[in-house]
Amino acid sequence: MAYIPLCKLRNLMEGEAAPFNVDGREIMVLWPEGGELKAYDGLCPHQKIPFSRGVFNGRYLTCTAHDWVFDGRNGECRQGQDCTLTTYPLRVVEGMVEIELA
Ligand code: FES
């Protein structure tokens, strides 16, 4: 599977979240404070509400639909049911963030 360009790295900020739609798929990119850039499935595993309507505080992503909370560093659900967000590989090539979708 090929990598797909998402955005320039300089357009992302540590501690912030950025939603993307890639080939019709919702993707949520999180950059936890003191951590690495991560790309997760952009739909909440509870009822598939887009995380673009959620809140990221620099560490935890909260789905505001029913307040499930996910750790931005590894996608583990910290409040809600036992689950982990699907993670997609990211890489940065010449300042461009690229994602590989399975
Ligand atoms: S849809 Fe996200 S917590 Fe219910």
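In what order do the four strands of the open sheet lie? The order is S2-S3-S4-S9, and the pairing is antiparallel. At the edges are strand S2 (17-22) and strand S9 (87-88), each of which pairs on one side only.

Some ground rules. This is a predicted model; local features need pLDDT of at least 70, side-chain atom pairs count only at pLDDT 80 or more, and totals for chains, interfaces and linings use all residues. Residues are numbered from 1 along each chain as its sequence is written. Strands are DSSP runs of E, at least two residues, numbered from the N terminus, and two strands pair if DSSP finds at least two bridges between them.

Back to the sheet. Strand S4 (residues 38-41) pairs with S9 over two bridges, antiparallel, and Tyr 40 stands opposite Thr 87 in S9.

Tyr 40 also belongs to the largest nonpolar core, which has 17 residues. A nonpolar core here is a set of buried Ala, Val, Leu, Ile, Met, Phe, Trp, Tyr and Cys residues joined through C-beta atoms within 7 Å; buried means 20 or more other C-beta atoms within 10 Å of the residue's own, with C-beta atoms placed from the backbone. Among the members that touch the most others are Tyr 40, Met 28 and Phe 51. Strand S3 (25-30) is one of the elements giving two or more residues, and S3 gives the most, four.

Last, S11. Strand S1 (residues 3-8) and strand S11 (residues 96-100) pair antiparallel over five bridges, with Ile 4 opposite Ile 99. Strand S10 (residues 90-93) is joined to S11 by four bridges, also antiparallel.

Definitions and conventions
A residue is buried if 20 or more other C-beta atoms lie within 10 Å of its own, exposed if 12 or fewer, and partly exposed in between; C-beta atoms are placed from the backbone.
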